[in-house]
Amino acid sequence: DDEEPESEEPAGPIRLAIVGRPNVGKSTLVNALTGKNRLITSELSGTTRDPIDTELAWNDHRFILTDTAGIRRKATIAHRVEQFAVFGALKTIERSDVAILLLDATEPAVEQDARIAGLAEEKGRALVIVVNKWDKVKGKREEEFRADLKYLVKFGAYAPVVFIWALHASKIEKVLEVASLLHSQNQFRASTPKLNKLLEHITTEHPAPMTAGRALRLYYAAQVASSPPTFMFVSNMPQAIPDRYKRYIVNQLRKTFDLKVPIRLVFRERPGKAKRAATVAQMKQRQLHGKKKSKRAK
């Protein structure tokens, strides 16, 4: 029988990095979540220079919220202090469990937002896209805005999107709810029998393509790590698996286990194949050595 997948509960506080472009309301969001005006808020961009940690308890979860300086394009950073602030924001994402990418609903997502989402993906951090000042948007539904974001912020296409009004604390608890769910998903562990049942479905419904006249085969799957969930597949030609097929596997994993966090894939050869290749190489080396000895003897 299949074992049920497991998600490990966090042992300590969940670290949330509040990141985004300048002046989108990061400090205002932290103040609204904590209910305390502990951080300086201002309509002037660049108020927050250094990452600031704030502790918060909510629904049996503990969080550490880190407010960061707005991440700007390198070309627009005029002062050295802002360079340090941006570096601090990027380091904060590395140290976080979940990155909260805050957007201004009145300003479309830009390349810099996509870059921040890409950094979270690269570092294996869960990502929540939070759209602030949603009350100011007229004549557009949430579904339309989500569709636009998936096109503009491709690295965050799988990330949940939450719509809030931070200044008036409207719907802000949804941010913590989604962040705690994603943190749990990042600790996810799938049972090996269920993974291999999925692998059988994948290779039956959509077999791997031929390469150099040979059929690509996937024999076995297992989860080898979490944070982010990492899955290993044993194949006859691991280096030849095309990116489009890897994306298909990731999409099937997301669909089957309802995962909205980064996923890593690792492909390995069967152990026996590597051993046989080493044996053949040794035999060839011995034959070559024998030929050289016979030549010298003549």
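## Counting the salt bridges

How many salt bridges does the count come to? The answer is 13. Keep in mind that this is a predicted model.

## A link between two strands

Start with R15 and D53, which form a salt bridge whose closest N and O atoms are 3.1 Å apart. This pair ties together distant parts of the chain: R15 sits in strand β2 (residues 14-20), while D53 belongs to strand β3 (residues 52-58), 38 residues apart.

How open are the two partners? R15 has a relative accessible area of 21%, so it counts as partly exposed. D53 comes out at 40%, so it is partly exposed too.

## Pairs inside a helix

Helix α4 (residues 142-152) holds both E142 and R146, which are 4 residues apart, or about one turn of the helix. They form a salt bridge, with 3.8 Å between the closest N and O atoms. E142 has 24% relative accessibility, so it is classed as partly exposed, and R146, at 29%, is partly exposed as well.

Helix α5 (residues 173-186) has a pair of its own: K174 and E177 lie 3 residues apart, again about one turn of the helix. Their side chains meet in a salt bridge at 3.4 Å, N to O. Here K174 is partly exposed at 39% relative accessible area, and E177 is partly exposed at 40%. Beyond these pairs, there's also a network: K91, E94, E122 and K123 are joined into one by salt bridges that share partners.

## Two helices side by side

Now for the packing of helix α6 (residues 192-205) against helix α7 (residues 243-257). Two packed helices are described by the angle between their axes and the distance between the axes. For α6 and α7, the angle is about 130° and the axes are 11 Å apart. Angles over 145 degrees would count as roughly antiparallel and 65 to 115 as roughly perpendicular, so α6 and α7 are oblique to each other. Their crossing is right-handed.

Which residues make the contact? On the α6 side they are K194, L195, L198, H201, I202, T203 and E205. From α7 come Y245, Y248, I249, Q252, L253, T256 and F257.

Conventions. Residues are numbered from 1 along each chain as its sequence is written. This is a predicted model: local features need pLDDT of at least 70, side-chain atom pairs count only at pLDDT 80 or more; totals for chains, interfaces and linings use all residues. Side-chain values use heavy atoms; hydrogens and water are left out. Axes are lines fitted to C-alpha atoms, for helices over the stretch in contact, and angles run from 0 to 180 degrees between N-to-C directions. Angles under 35 degrees count as roughly parallel, over 145 as roughly antiparallel, 65 to 115 as roughly perpendicular and the rest as oblique. A crossing is left-handed if the near helix is turned anticlockwise from the far one by less than a right angle, and right-handed if clockwise. Contact means heavy atoms within 4.5 Å. A salt bridge is a side-chain nitrogen of Lys or Arg within 4 Å of a carboxyl oxygen of Asp or Glu. Buried means under 20% relative accessible area, exposed over 50%, partly exposed in between (1.4 Å probe, protein chains only).
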